[in-house]
Amino acid sequence: MPQADVVDQPSTEGGVDVLTIEGVAVRFGGVAALSDANLTVKAGTVTGLIGPNGAGKTTLFNVISGLQTPDRGSVHLYDTDITKMKPHRRARLGLARTFQRLELFGTLSAGENVQVGLESSVKWWQWRHMKRAFPWVKSGVPVVDGVPVGEPTGPGSIAVVTSDRLLDGVGLGGLGAEQASAMPTGLARMVELARALAMAPKVLLLDEPGSGLDDAESQALGELLCTLAQGGMGVLLVEHDMELVMRICDYIYVLDFGDIISSGTPDEIRKDPVVQAAYLGTVEVDPEGGVVGHFGDEVAVERTIDPTTEALPTEGEAVEG
Amino acid sequence: MTNFLQFTIFGVMLGAGYAIAATGLVVTYTTSGVFNFAQGAVGMIAAFGYWELVSAHNQPTWAALIIVLIVGASISGAFVERILMRRLHGASAERPVMVTLGLMVILTGVATVVWSPTVQRTVNPQINGQFRLVGINIQDQYVLIIGVAIAVAIGLRLLFYSTRTGYALRAVVDDPELLGMSGVSPNRMSQYGWILGFFMAALSGVLLAPTQTTGISIESFTLLVVSGYAAAIVGRLRNIPVTFAAAIAIGLAENYILNYVEPHLSSDLARDVDTALPMLFLFAALVTLPSVRLRAVGRLTSLRAPRVAGGAESLIGGVVFLVIAVILGVVYSNTEVKGTTLLTLGGMIMCLGIVGLSLVLVTGYSGQVSLCQFSFMGIGAFIMGKVAGGGSVLGLLLATAICAAVGALIALPTIRLSDLYLALATFAFADAVAQGFFNDGRIYGSGGLSINRISVAGVSFNGDTAEFLLVTVFFVLSAWLVLAIRRSLFGRRLVAVNDSPAAYATVGLNIGFTKVAVFAIGAAMAGLAGALYGTVQGVVGTTDFDIFPGIIFVLFVTIWGIRTVSGAFLAAVTYVVLNQVWPSSVGIFAGLGVILIGRAANGLLGIEFLHFRLPWVKRTTGLADQAAPPSFGGLALEGEASRAAG
């Protein structure tokens with residue numbers, strides 16, 4: 001399918017398959033974290049991946065990004081089989097991700113975090129980069145429209161300017177000098193997002209980016225993700241904020257006990273009795289502990305939270321701090 | 001055949017002794033996540049304590065065993081966990097390694113003061129006598145050691161799999177918080193782990209001591225358990241049965257090689273093989289280990305990194321430092337302290353300062369612990385002395401290049417593993433090089449290896465003042481280089497790979513390459529420093545680059561601040577001065593210092609109330625200083641990401 005269609009009109013039909021997961025299974029000892037996961041992300045769409053805590057969402061992300069080797073199954077980026085590839089090679093092919101539990105370079109500033117992503121293809125041992133360590137070497141960066149171009153690193157270079165812009169883009173304008181570990185969770189998540197975007201990925205995996213954000217911020221995040229998808233990126237989103245998922249996703253997969261139990265457009269998912277059963281099932285076990293969640297504005301469905309072990313991360317407050 | 005059986009029995013006995021110590025290590029590691037480098041030193045103290053009670057004070061065996069194992073080892077294990085280790089939660093990853101090393105040098109330092117190394121001490125077996133079996137004599141003591149080892153293995157198995165405490169002990173390292181929620185104190189479990197670890201270290205020490213027929217010595221007994229480390233690594237620091245089997249196999253292999261291979265070698269070579277064996281086993285164990293899965297740990301470094309001086313600032317600082325050094329060098333050119341001129345001491349400080357700087361790069365920035373920088377120094381000095389008659393620029397260059405290559409070779413087998421394994425590999429390497437290489441009479445010669453002063457293009461640095469200035473220039477250049485690296489793209493990557501390996505890989509960066517590269521650069525700097533050190537002293541001896549001084553120096557850098565250039569320099573000053581004033585107590589100072597520093601990541605120099613601010617240095621504004629963080633908005637990205645790719 002031609003890519004142009006996608007940019008103008010993101011739809012469930014979407015563009016080419018940028019990410020294809022087939023029959024992925026992961027076992028931890030006797031526990032099957034994923035038993036047979038199949039999933040496709042199309043260029044120019046936001047694809048949602050929802051499911052109860054412990055359903056295997058983060059494990060699937062780890063399999064895709066290479067932090068976990070699957071026991072069975074395959075992962076393809078476009079037509080390239082990346083199942084056995086090292087994480088950094090996958091990233092160079094255009095796969096970027098964020099983490100549910102923050103993985104920032106804590107000692108670096110927010111801007112430097114983004115710069116590490118921007119400069120990841122720069123070979124530091126080349127003389128043209130090494131010589132910048134000498135203070136008397138002029139940067140020699142040509143400036144076009146007030147933006148230095150040509151040199152990827154160093155003061156005033158494209159990396160610094162672009163990282164500022166990326167931080168602006170995720171709502172962190174002016175916070176570039178802030179030490180990453182000193183930032184509140186919500187803002188830190190946005191630094192992770194900016195760092196991922198810095199790699200100009202073809203596929204972006206987001207693990208609960210909305211937790212720690214307030215309503216307005218999560219609204220803005222939704223708009224940003226839609227903009228990115230319109231630019232042709234394939235976004236795979238794990239998120240507990242159902243309102244956000246239902247609003248921005250073109251297609252949704254529901255994962256439960258390591259299996260994809262359902263998939264479809266947000267409307268189809270809302271009405272799917274299998275999904276409702278899976279979600280309502282937990283409530284029957286313990287009606288007292290069940291918590292009401294919402295699929296969009298419509299059906300009130302009990303959230304699938306095991307009240308014995310999990311706090312509820314709705315509104316993103318629970319993960320804050 | 002009789003011989004073979006004899007060797008086998010002895011090998012199994014030795015292996016059983018290692019097994020007790022190694023399983024102790026594993027128990028401590030699985031319950032607290034800390035690899036106790038002091039395990040060997042605890043065994044050594046127990047052996048000496050036992051000797052003191054039984055041989056010097058004629059106490060009965062059972063009383064000595066109770067005092068050493070129960071009162072001494074177990075209670076100190078509990079105290080060490082409570083006082084030293086517990087407050088390290090959340091400290092940077094290298095800190096527990098440093099504190100256990102500190103404990104090791106304190107214990108060896110104290111032992112050297114209490115038990116003079118010149119006296120020979122043989123320890124009587126706990127059980128005297130022997131019996132004959134299929135034509136060979138077997139000491140009762142051997143049977144005792146093997147029996148105790150089996151009892152320990154069975155006891156641990158029962159403890160871990162059949163008791164509630166055992167389940168909690170196994171759970172504690174996986175998720176201490178979750179364990180805490182189920183009503184078990186994770187701290188208490190770690191404490192049990194340390195008690196057991198200390199107990200088993202002491203047990204192996206007390207049991208193996210009588211088998212040392214030439215008497216027990218502080219250093220060799222402390223390092224005896226390196227073979228045990230190898231066994232623990234084969235068991236991946238968590239599998240007790242595998243650890244146990246590996247320990248027996250290593251004991252057997254050591255004894256077979258000793259009896260079947262070494263008689264065919266020249267005596268020097270045989271000694272080298274003998275001393276290098278534990279290290280070879282350790283390396284083999286490291287190579288055979290499967291890769292560790294990269295994990296997203298979600299731990300955010302909350303460390304405030306020290307400010308990095310800018311390009312112009314570091315240049316000015318370097319020039320000022322040089323001017324001060326020139327003035328001091330000229331003024332004090334004839335002063336002597338205890339027979340050594342101040343200029344020579346100053347030169348040594350500068351050389352060790354370069355070694356400290358290499359540690360700033362390797363450990364401070366990228367978080368990898370290297371305990372063998374002194375070995376690189378020794379190799380550098382050796383090359384300097386042997387190439388082109390000594391004192392040539394070629395020697396300097398070769399020392400740097402060869403050490404870089406050796407460094408890369410050491411780092412390579414461990415990059416697939418966690419950082420702890422690099423520390424272990426460097427520990428083994430430092431030990432093996434010190435024992436098997438520097439100590440070999442053919443390497444440095446009996447009177448030491450003499451190294452000439454550098455002379456280049458007709459300019460000789462023969463005079464003490466000229467030599468001092470030369471090494472000072474090298475130190476200033478190295479300091480400037482380290483700061484330039486930190487400010488560069490590569491420096492950002494070093495810090496990044498330390499902060500979050502998972503994120504580092506997922507932004508497309510190669511963790512292994514970065515780690516090997518920085519380790520090789522650090523090794524090269526240490527090699528250069530060693531070559532210069534040789535020219536300052538004029539002669540280097542077998543003990544200059546021993547494992548213990550190397551570790552003590554790392555501790556001093558940690559104490560002052562392993563992330564700063566000034567920390568490296570002050571550590572060199574402290575080390576050289578203390579070695580002049582109280583040479584026998586340097587280890588105790590270093591160990592106590594690192595324990596007192598505890599979790600303060602930036603050392604003494606990072607302690608806030610010691611800071612003063614130069615009036616012209618601008619204070620950086622933190623997030624807290626702003627009235628309110630800017631709201632989330634301005635999301636027009638306009639394809640910025642795709643442009644950034646250019």
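Begin by selecting A:Ile261 in this predicted model: the residue is partly exposed, because 16 other C-beta atoms lie within 10 Å, a count that falls between the limit of 12 or fewer for exposed and that of 20 or more for buried.

Now move to chain B and select helix H3 (residues 61–85) together with helix H8 (residues 186–208), whose axes come within 8 Å and cross at roughly 140°. The crossing of H3(B) and H8(B) is right-handed, and the residues of their contact comprise 15 nonpolar, 7 polar and 2 charged.

Finally, colour chain B by its domain assignment, with 2–117 + 135–288 as domain 1 and 311–329 + 338–547 as domain 2. The C-alpha centres of these two domains of chain B are 33 Å apart, and 18 residues of domain 1 are in contact with 21 residues of domain 2. On the domain 1 side of this contact, select helix H10 (226–234) and helix H12 (267–288) of chain B, each of which supplies at least two residues; H12(B) gives the most, with 10 residues. Coloured by class, that side of domain 1 of chain B shows 14 nonpolar, 1 polar and 3 charged residues.

Definitions and conventions: Residues numbered from 1 in each chain as written. Chains lettered and ligands numbered in written order. Predicted model: local features only at pLDDT ≥ 70, side-chain atom pairs only at ≥ 80, totals over all residues. Axes fitted to C-alpha atoms, helices over the stretch in contact; angles between N-to-C directions. Helix = DSSP H or I, 4+ residues; strand = E, 2+ residues; numbered from the N terminus. Left-handed = near helix turned anticlockwise from the far one by under 90°. Nonpolar A, V, L, I, M, F, W, Y, C, P; charged D, E, K, R; others polar. Domains from an automatic or database assignment. Contact = placed C-beta atoms within 7 Å.
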